[in-house]
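Work through the exercises below with the structure open beside you. Try each task before you read its solution.

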Amino acid sequence: VTHSIPACIGSMTINSKQLDNESPVSIFAVNKCYVTVQDGTFFDGSGFAALVREGYKVRSDVNITLEFRTTAVRGVLLGVSSAKVDAIGLEIVNGKVLFHVNNGAGRITAMYEPRGTNNLCDGKWHKLQANKSKHRISLIIDGNLVQTDNPYTQSTSADTNNPIYVGGYPADVKQNCLTSKSSFHGCLRNLVLTKGQQAELFDFSRAFDLRGVFPHSCPGAEH
């Protein structure tokens with residue numbers, strides 16, 4: 001077993017002596033236990049999760065689905081980039097969700113803006129689906145579809161080769177399809193990337209780099 005247990009542990013004793021877990025000698029990727037907890041991964045707004053160390057290749061088609069819950073009006077959701085300009089990015093900016101894609105010829109963006117009293121940053125779960133099919137991109141939030149025209153119809157492949165960064169990214173990493181540097185504060189769950197018939201559900205506890213991210217532990221209410 002190479003990854004940590006997603007659980008709460010308390011009242012541990014060794015040789016009848018109770019351990020003091022309030023003031024440990026050292027601590028790494030351990031958070032408090034919540035009175036009420038939901039399925040999901042908590043991002044405390046300071047870091048990110050890094051997945052697929054060898055690099056994720058978006059190429060011509062990818063479908064991204066996830067659920068998010070936040071009270072912050074800005075934050076990075078997901079980014080996959082390359083050393084050149086090719087990249088994809090999902091982010092919340094001023095309460096709107098943006099899906100950016102650059103196949104090499106220029107960045108295009110699908111933007112979902114909530115109407116009326118609808119609010120994506122209300123601390124409730126929202127479903128997101130972002131789809132790239134060659135030069136076409138679309139964004140579906142809670143069942144509402146947004147599409148955008150792409151003037152660069154000849155360019156169809158995002159030749160990315162960097163890890164998938166979720167909830168933020170390191171300061172020394174370039175992201176060509178993200179405008180925000182703000183780390184996500186809130187909870188994410190059910191992140192699935194699908195290429196063709198192959199769907200991959202990502203488990204954050206298996207990320208190769210986690211900073212300020214607590215897998216399988218989402219507080220029942222924002223704190």
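The exercises cover a predicted model, and each one ends with a worked solution.

**Exercise 1. The annotated domain**

Task: Find which residues UniProt gives to the feature "domain: Laminin G", and state how far apart the end C-alpha atoms of that span lie.

Solution. 
- Step 1. Start with the record. The unreviewed UniProt entry places "domain: Laminin G" at residues 38-218.
- Step 2. Look at the secondary structure.

**Exercise 2. Aromatic pairs**

Task: State how many aromatic pairs the structure holds. Then classify the pair of Phe-42 and Phe-214, and the pair of Phe-43 and Phe-184.

Solution. 
- Step 1. Count first. The structure holds four aromatic pairs.
- Step 2. Recall what to look for. A pair of aromatic rings is described by the distance of the centres and the angle of the planes.
- Step 3. Take Phe-42 and Phe-214. Their centres are 6.3 Å apart, with 25° between the planes. Planes under 30 degrees apart count as stacked, and this pair is stacked.
- Step 4. Phe-42 lies in strand 4 (residues 41-51) and Phe-214 in strand 16 (residues 209-214), so the pair ties together parts that are 172 residues apart in sequence. Both Phe-42 and Phe-214 are buried.
- Step 5. Turn to Phe-43 and Phe-184. The centres are 5.9 Å apart and the planes make an angle of 75°. Angles over 60 degrees count as edge-to-face, and this pair is edge-to-face.
- Step 6. Phe-43 is in strand 4, while Phe-184 is in the loop between strand 13 (164-166) and strand 14. They are 141 residues apart, and the pair links distant parts of the chain.
- Step 7. Check burial. Buried means under 20% relative accessible area. Phe-43 has 1% relative accessibility, so Phe-43 is buried. Phe-184 also has a value of 1%, so Phe-184 is buried.
- Step 8. Widen the view. Ring pairs link Phe-43, Phe-184 and Phe-204 into a cluster.

**Exercise 3. A pocket and a charge over a ring**

Task: Describe the lining of the second largest pocket, and say what sits over the ring of Trp-125.

Solution. 
- Step 1. Give the volume. The second largest pocket has about 210 Å³.
- Step 2. Name residues at the centre. Of the 13 lining residues, Gly-40, Thr-41, Arg-189, Asn-190 and His-216 are the closest to the centre.
- Step 3. Find the main contributor. Strand 14 gives the most to the lining, with four residues.
- Step 4. Sort by class. The lining has five nonpolar, five polar and three charged residues.
- Step 5. Follow Arg-189. Its charged end sits over the ring of Trp-125, 3.8 Å from the ring centre.

**Exercise 4. The cavity**

Task: State how many cavities of 30 Å³ or more a search of the whole structure finds, and sort the lining of the largest cavity by class.

Solution. 
- Step 1. Search. There is one cavity of 30 Å³ or more. The largest cavity has a volume of about 40 Å³.
- Step 2. List the lining. Among the residues there are Val-101, Asn-102, Asn-103, Asn-150 and Tyr-152.
- Step 3. Sort. The lining has four nonpolar residues, five polar and no charged.

Notes. Residues numbered from 1 in each chain as written. Predicted model: local features only at pLDDT ≥ 70, side-chain atom pairs only at ≥ 80, totals over all residues. Heavy atoms only, no water. 1 Å grid on protein atoms, 1.4 Å probe; cavity = no way out; pocket = protein on both sides within 12 Å on 5 of 7 lines; lining within 4 Å. Points joined across faces, edges and corners; volume = space filled by probe spheres on them. Nonpolar A, V, L, I, M, F, W, Y, C, P; charged D, E, K, R; others polar. UniProt positions renumbered as here; feature names shortened; annotations may be inferred. Phe/Tyr/Trp six-rings, centres within 6.5 Å; stacked < 30°, edge-to-face > 60°. Helix = DSSP H or I, 4+ residues; strand = E, 2+ residues; numbered from the N terminus. Buried < 20%, exposed > 50% of the residue type's maximum accessible area, 1.4 Å probe, protein only. Lys NZ or Arg CZ within 6 Å of the ring centre and 35° of its normal.
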